[in-house]
Protein chains: 2
Amino acid sequence: MTRTVVVAGGSGFIGSHLCERLLDRGDRVICVDNLSTGKRANIAELESRPEMRFFEADVCEEFGPDLRNLIEDWGLDAVLHLASPASPPAYLARPIETLDVGSRGTRNLLHVAEAQGARFILASTSEVYGDPLEHPQTESYWGNVNPIGERSVYDESKRFAEALTMAMHRSRGMNIGILRIFNTYGPRLQPSDGRVISNFVAQALSGVPFTMYGDGSQTRSFCYVDDLVTGIVAMLDSSEVGPINLGNPIEFTLRELADVMAELCEVPLQITYAPLPSDDPRMRQPDITLARERLGWEPQIDLRDGLASTIAWQRSR
Amino acid sequence: MTRTVVVAGGSGFIGSHLCERLLDRGDRVICVDNLSTGKRANIAELESRPEMRFFEADVCEEFGPDLRNLIEDWGLDAVLHLASPASPPAYLARPIETLDVGSRGTRNLLHVAEAQGARFILASTSEVYGDPLEHPQTESYWGNVNPIGERSVYDESKRFAEALTMAMHRSRGMNIGILRIFNTYGPRLQPSDGRVISNFVAQALSGVPFTMYGDGSQTRSFCYVDDLVTGIVAMLDSSEVGPINLGNPIEFTLRELADVMAELCEVPLQITYAPLPSDDPRMRQPDITLARERLGWEPQIDLRDGLASTIAWQRSR
């Protein structure tokens with residue numbers, strides 16, 4: 001039986017890969033995106049597929065009649081809520097919008113799912129752990145977030161979305177699942193993302209030195225988007241409530257990243273050192289025991305392969 | 001010049017005292033309450049005053065034409081947002097409503113204030129500190145809240161309200177102030193509040209033994225409502241952004257409370273001991289240095305006097 005899935009934020013970096021995967025396995029996909037940070041180009045190749053529909057719409061508002069009619073017509077098995085500005089430059093530039101999509105947007109999408117008896121998956125974030133005092137982070141850690149800090153427009157919005165989603169499960173018996181997504185990279189990650197992988201790729205392809213904030217000994221962990229999408233689909237197909245962390249626990253230093261990047265881009269390794277900004281992304285590393293146990297999931301793609309695909313995509317643009 | 005103030009949640013325990021104080025000093029008060037947990041009886045004596053208007057309305061929805069017209073007519077100097085279920089039994093029974101009033105309600109009231117160039121005061125709560133790892137709590141402490149716990153419907157709703165209020169200040173220059181209100185007691189505190197003072201008063205007046213969870217050596221701090229209202233008005237009249245804690249830092253043991261209560265109610269001291277519930281309210285004690293310095297505020301009324309008034313009110317019902 002064909003399943004129908006709404007992917008809110010389906011034109012974004014992760015959302016577009018998710019739409020593609022769902023279509024590839026035969027699901028019908030209703031992609032809803034207001035194109036605030038998502039790009040129509042991300043789904044250009046998908047729009048010609050018969051089982052794909054795109055609606056330019058803001059999930060903070062009630063769905064319009066065309067969208068409602070399509071859902072009535074096709075039925076609805078699941079709503080995947082990935083809609084939100086997600087990179088620090090994107091959400092800091094859109095503070096009210098970010099708070100709105102986590103609150104009003106989540107509420108609207110929960111109601112759509114509830115009305116159709118559909119499963120609801122919330123794409124939450126490792127940012128709910130804030131500046132964590134526990135390493136690595138397990139799902140039982142409550143986090144360390146400044147409720148009135150600049151970043152709270154994203155962090156508190158996602159924490160609120162989790163609380164609301166869980167309340168709809170507890171008090172109304174809704175079928176829900178919460179994922180906490182850690183740093184992800186891959187094709188379609190915007191060069192303006194502002195995080196180290198997109199910065200390094202852009203610099204290598206432009207032939208300018210890598211900008212290294214600090215001495216490069218600090219570590220990061222990034223999950224390749226294909227791995228991440230496999231985890232999201234496993235969560236969709238399960239009946240797990242979560243929250244469940246999805247991310248790659250393998251850490252690398254920024255110096256290691258620069259080495260691999262220079263090699264893959266076939267450029268000499270050149271580094272410009274700069275001081276660490278005061279709000280440098282804090283160390284976060286997922287504990288994925290729960291994802292392994294409950295979803296049978298773990299990342300498969302190593303950094304070198306993932307970076308090669310990412311660089312190839314960026315080069316092709 | 002007469003000032004006009006919207007008090008959202010003005011029929012609640014704290015809200016009704018606040019309405020009274022504002023009327024007493026000559027302000028015009030527009031009390032908006034959906035009477036979900038507020039009581040019309042709380043403001044019965046105020047409704048005959050010429051400068052008082054009551055609207056039974058849900059702040060999660062747009063204001064109706066009568067209310068909008070009155071605001072246009074009178075102008076608006078401030079919006080005080082006290083609307084929310086606030087006691088654990090009340091918000092646990094209304095999980096979605098509690099999340100809504102902190103998100104949609106806060107958003108609507110911010111827009112009302114912004115449209116009129118009015119100051120907006122958010123009544124946040126010590127619950128944003130959750131199960132605190134620092135004692136006493138200063139405003140710079142980020143808190144320890146479980147985003148998906150039963151209580152998150154209140155805690156995360158208030159944290160979201162703080163984040164949204166601060167974002168409206170940062171990104172749109174709104175005149176805002178955030179208060180974090182600790183445990184409060186006094187006349188009109190509902191016997192169903194579920195916390196120790198209302199429980200003990202009800203038990204003393206019914207002639208049944210006090211129920212003591214644990215051995216009674218645990219401490220609490222409660223602020224008398226008249227003191228608290230003085231602090232809210234000082235915040236209203238200031239241009240402070242906050243957050244600023246309002247509460248009484250003086251701690252007493254539950255055993256001391258039982259002693260004073262029995263004496264004031266003129267009943268013999270009888271105690272039934274019961275085990276501590278697993279979710280017993282955690283120790284919280286405000287650091288009020290900031291309120292002293294910025295608002296010139298500190299509590300004046302001692303526990304014995306405050307309890308006497310509280311008991312007298314409960315007895316008169």
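Reader: How far apart do the C-alpha centres of domain 1 and domain 2 of chain A lie, and where do the domain bounds come from?

Author: The two C-alpha centres are 26 Å apart. An automatic or database domain assignment supplies the bounds. For chain A, that assignment places 4–184 + 223–249 + 285–300 in domain 1 and 186–220 + 250–282 + 304–316 in domain 2. The contact between them takes 16 residues from domain 1 and 13 residues from domain 2 of chain A, where two residues are in contact if their C-beta atoms, placed from the backbone, lie within 7 Å.

Please keep in mind that this is a predicted model: local features need pLDDT of at least 70, side-chain atom pairs count only at pLDDT 80 or more, and totals for chains, interfaces and linings use all residues. Residues are numbered from 1 along each chain as its sequence is written, while chains are lettered from A and ligands numbered from 1 in the order in which they are written.

Reader: What does the predictor say about its own confidence in chain A?

Author: On pLDDT, the predictor's confidence in each residue from 0 to 100, chain A averages 94, and 98% of its residues score at least 70. For the complex, the predictor gives an ipTM of 0.95 and a pTM of 0.96.

Reader: Which helices each supply at least two residues of the side of domain 1 of chain A that touches domain 2?

Author: Those are H1 (13–24), H3 (88–93) and H7 (225–237) of chain A. The names follow DSSP runs numbered from the N terminus, with helices (H or I) of at least four residues and strands (E) of at least two. That side of domain 1 holds seven nonpolar, seven polar and two charged residues. Here Ala, Val, Leu, Ile, Met, Phe, Trp, Tyr, Cys and Pro count as nonpolar, Asp, Glu, Lys and Arg as charged, and the others, Gly among them, as polar.

Reader: Why are the two copies said to be related as by a two-fold rotation axis?

Author: In general, two copies of a chain are related by a rotation about an axis and a shift along it. Here, chain B can be laid on chain A by a turn of 180 degrees with a shift of 0.0 Å along the axis, at an RMSD of 0.0 Å. The copies are thus related as by a two-fold rotation axis. The superposition is by least squares on the C-alpha atoms of residues with pLDDT of at least 70 in both. The same surface serves both copies, as 100% of the contact residues of chain B recur in chain A.

Reader: How many residues of chain B are in contact with chain A, and which element gives the most?

Author: There are 27 residues of chain B in contact with 27 residues of chain A. H4 (95–116) and H5 (152–172) of chain B each supply at least two residues to the chain B side, and H5(B) gives the most, with 13 residues. That side divides into 15 nonpolar, seven polar and five charged residues.

Reader: What makes Arg104(A) partly exposed?

Author: Its count does: Arg104(A) has 17 other C-beta atoms within 10 Å. A residue is buried if 20 or more other C-beta atoms lie within 10 Å of its own, exposed if 12 or fewer, and partly exposed in between, with C-beta atoms placed from the backbone. Since 17 falls in between, Arg104(A) is partly exposed. Arg104(A) sits in helix H4 of chain A, and its contacts, not counting residues up to four places away in sequence, are Cys60(A) and Arg104(B).

Reader: Why does Arg188(A) count as buried, and what is its phi?

Author: Arg188(A) has 22 C-beta neighbours inside 10 Å, so it counts as buried. Arg188(B) is likewise buried, with 21. Most residues other than glycine have a negative phi, and most peptide bonds are trans. Yet phi is positive, about 80 degrees, in Arg188(A), and near 80 degrees in Arg188(B). Arg188(A) is in the loop between strand S7 (184–185) and helix H6 (196–206) of chain A.

Reader: Which peptide bond of His135(A) is cis, and where is its proline partner found?

Author: The cis bond joins His135(A) and Pro136(A), with omega about -20 degrees. Pro136(A) is in the loop between strand S5 (119–125) and helix H5 (152–172) of chain A. Another cis bond runs from Gly242(A) to Pro243(A), with omega near 0 degrees. Pro136(A) is also among the residues touched by Pro286(A), which counts as buried with 26 C-beta neighbours inside 10 Å.
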